[in-house]
Amino acid sequence: MLKIAVPNKGMLAEPAWDLLKEAGYKLRSNPRQLVVEDEENDIQLFYLRPLDIAVYVGSGIIDVGITGRDMLLNSQTEAIEHMSLGFGASTFRFAAPNESSIRTVEDLDGKRIATSFDKVVADYLACRGLNARIVHLDGAVESSVQLGVADAIADVVSTGTTLRNAGLHIFGDPIVTSEAIVVRSPRVDTSDRDLIKFQRRIQGVLTAHSYVLMDYDIPVAKVAQAVAITPGFESPTVSPLHDSQWAAVRAMVPRSQMNTLMDQLYDVGARAIIITSIQASRM
């Protein structure tokens with residue numbers, strides 16, 4: 001039985017729950033439930049603190065988990081990044097008060113930096129030969145400068161609105177660029193059948209989110225031009241129509257490009273162009 005950990009709260013929680021639900025897994029029925037037995041799918045689902053997931057997975061207590069890349073890097077565990085999930089994008093950045101003289105990363109030398117991600121910050125500074133005192137804080141760190149605990153902070157940034165509202169400016173390159181990922185235990189081999197089935201389900205949902213089915217009619221003489229525009233995931237389906245001068249084509253195309261592709265197809269002579277959403281897939 002595969003043991004899977006998901007965040008019980010935070011920005012990654014609801015997208016992770018939705019992903020698992022769409023993949024056909026049973027979720028908890030109330031927010032106090034911490035463990036779900038899904039016998040039909042042969043899994044156990046554990047709802048854990050986001051910062052703890054990589055620790056449990058790295059120790060082998062949990063087989064796989066959904067967490068953030070930044071949390072994995074900060075965990076100092078043996079958990080392995082297995083696949084990216086394409087949501088929960090964020091950057092880990094330095095910030096200082098607007099009136100501060102700190103404007104570059106080099107200005108942090110000898111300063112105090114408040115953060116919840118000690119290892120990530122320590123590794124970043126060490127690589128640049130900078131010596132700063134790291135002040136560990138759990139939770140929000142935005143007020144630490146105002147309260148005199150730190151001179152600057154290092155924190156996860158999505159839009160930067162929270163930091164700007166706190167009177168802070170972001171500086172320097174991103175320390176880490178993060179997103180939601182699946183991590184696996186070093187004790188779980190990539191050839192493990194349960195892991196492969198889980199990965200196939202998750203990838204099927206991600207593909208369904210990223211692609212749509214496009215159907216269109218095209219003059220037979222222009223099929224080659226049209227197929228060059230919509231080559232499909234592997235190869236499009238081309239079928240004859242009652243009118244022998246026309247063919248019907250079906251192909252998977254990236255959702256983000258569907259309107260541009262429809263314009264291109266129309267220009268080469270395609271008609272009756274229809275888009276259908278994909279609910280699930282196995283590729």
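Contact here means heavy atoms within 4.5 Å, and helices (H or I, at least four residues) and strands (E, at least two) are DSSP runs numbered from the N terminus. The model is predicted, so to speak of local features a pLDDT of at least 70 is needed, side-chain atom pairs count only at pLDDT 80 or more, and totals for chains, interfaces and linings use all residues. Residues are numbered from 1 along each chain as its sequence is written, and side-chain values use heavy atoms, with hydrogens and water left out.

Let us start with the sheet. Six strands form an open sheet in the order β2-β3-β1-β4-β11-β5, with mixed pairing; two strands pair if DSSP finds at least two bridges between them. At the edges lie β2 (35–38) and β5 (80–84), each pairing on one side only. Strands β1 (residues 2–7) and β4 (residues 64–68) pair in the parallel sense over two bridges, and Ile-4 has Val-64 of β4 as its bridge partner.

Two helices accompany this sheet. Helix α6 (residues 193–210) lies across β1, β4, β5 and β11, at about 35 degrees to β5; axes are lines fitted to C-alpha atoms, for helices over the stretch in contact, and angles run from 0 to 180 degrees between N-to-C directions. Helix α2 (residues 50–59) packs on the sheet and touches β1, β3 (43–48), β4 and β11 (180–184), its direction making about 140 degrees with that of β4.

Ile-202 contacts Leu-19, Leu-20, Ala-23, Met-83 and Leu-85, leaving aside its neighbours within four places in sequence.
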